[in-house]
Amino acid sequence: DQYVKQQFPNGMNVGEDSLDQFYSLSDKELSYYVRLASMERGSETNTFVWMNAKLAIHVLVPKQQEKVQWITKIVKKLALEGELILPDQMPMKIKGIQVDYNADCQKDGQIIIEVEYGVTRDKPAVDKVREIIFDLNN
């Protein structure tokens, strides 16, 4: 959400930005929303856990030609970034980007971004000692 808003500050983030009583979609201004499509736990260390997720970006523009142009602009910017810094200062690595210009903009989203990001542990994970064996013969 925040990255798209930074790159396209005049765009309307549906569900986040406050709207007037009536809002009309426009080809000249981007309207979009971003949702978490899926998430799973990845690898971990003693200080953080990597999460793998898919984010769906829904581009809401009336005309197909302009919709394709907006989608292409967003995808180019994301592809060049490669990694974004989240509000908690953890990196979010862009692992893949899929585009379907003909996807249902309300149901599926036209841009699917595969990402990996870290979640910081409150306390480092510590393995407990379960067994101690003494070899008295040596």
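Predicted model: local features only at pLDDT ≥ 70, side-chain atom pairs only at ≥ 80, totals over all residues.
What share of the contacts in the protein chain with a separation of 6 or more comes from residues 24 or more positions apart? The share is 56%, where a contact means heavy atoms within 4.5 Å. Residues are numbered from 1 along each chain as its sequence is written, and side-chain values use heavy atoms, with hydrogens and water left out.

**View 1. The whole chain, with its two helices and six strands.** Reading from the N terminus, the order is α-β-β-β-α-β-β-β. Helices (H or I, at least four residues) and strands (E, at least two) are DSSP runs, numbered from the N terminus. Of the 138 residues in the protein chain, 31% are buried; buried means under 20% relative accessible area, exposed over 50%, and partly exposed in between, with a 1.4 Å probe and protein chains only. The accessible surface of the protein chain is about 9800 Å², and carbon and sulfur atoms hold 49% of that. These areas come from the Shrake-Rupley method with a 1.4 Å probe, and for residues only the protein chains shown count as cover.

**View 2. The β2 and β3 hairpin.** Here β2 (residues 31–44) pairs with β3 (residues 48–59) in the antiparallel sense, over ten bridges. Two strands pair if DSSP finds at least two bridges between them. The hairpin gets from β2 to β3 through three residues. Look for Y33 opposite H58 in β3, and for M39 opposite A53 in β3.

**View 3. β3 alongside β6.** β3 is mostly covered, with nine of its twelve residues buried. Ten bridges also join β3 to β6, and the two run antiparallel. W50 sits opposite G118 in β6.

**View 4. One aromatic pair in the structure.** The rings of F48 and W50 have their centres 5.2 Å apart and their planes at 80°, so this is an edge-to-face pair. Rings of Phe, Tyr and Trp (its six-membered ring) pair if their centres lie within 6.5 Å; planes under 30 degrees apart count as stacked, over 60 as edge-to-face and the rest as tilted. W50 counts as buried because its relative accessibility is 13%, while F48, at 21%, counts as partly exposed.

**View 5. Q89 and its positive phi.** Q89 lies in the loop between β4 (83–85) and β5 (91–99). Its phi is about 70°, although Q89 is not a glycine. Most residues other than glycine have a negative phi. Q89 has 58% relative accessibility, so it counts as exposed.

**View 6. A nonpolar patch on the surface.** I132, F134 and L136 make up this patch, with about 440 Å² of accessible area together. Patches are made of residues with over 30% relative accessible area and no salt bridge; like charges are joined within 9 Å, and nonpolar side chains (Val, Leu, Ile, Met, Phe, Trp, Tyr) within 5 Å. A salt bridge is a side-chain nitrogen of Lys or Arg within 4 Å of a carboxyl oxygen of Asp or Glu. I132 is found in the segment after β6 (111–120), and counts as exposed because its relative accessibility is 61%.
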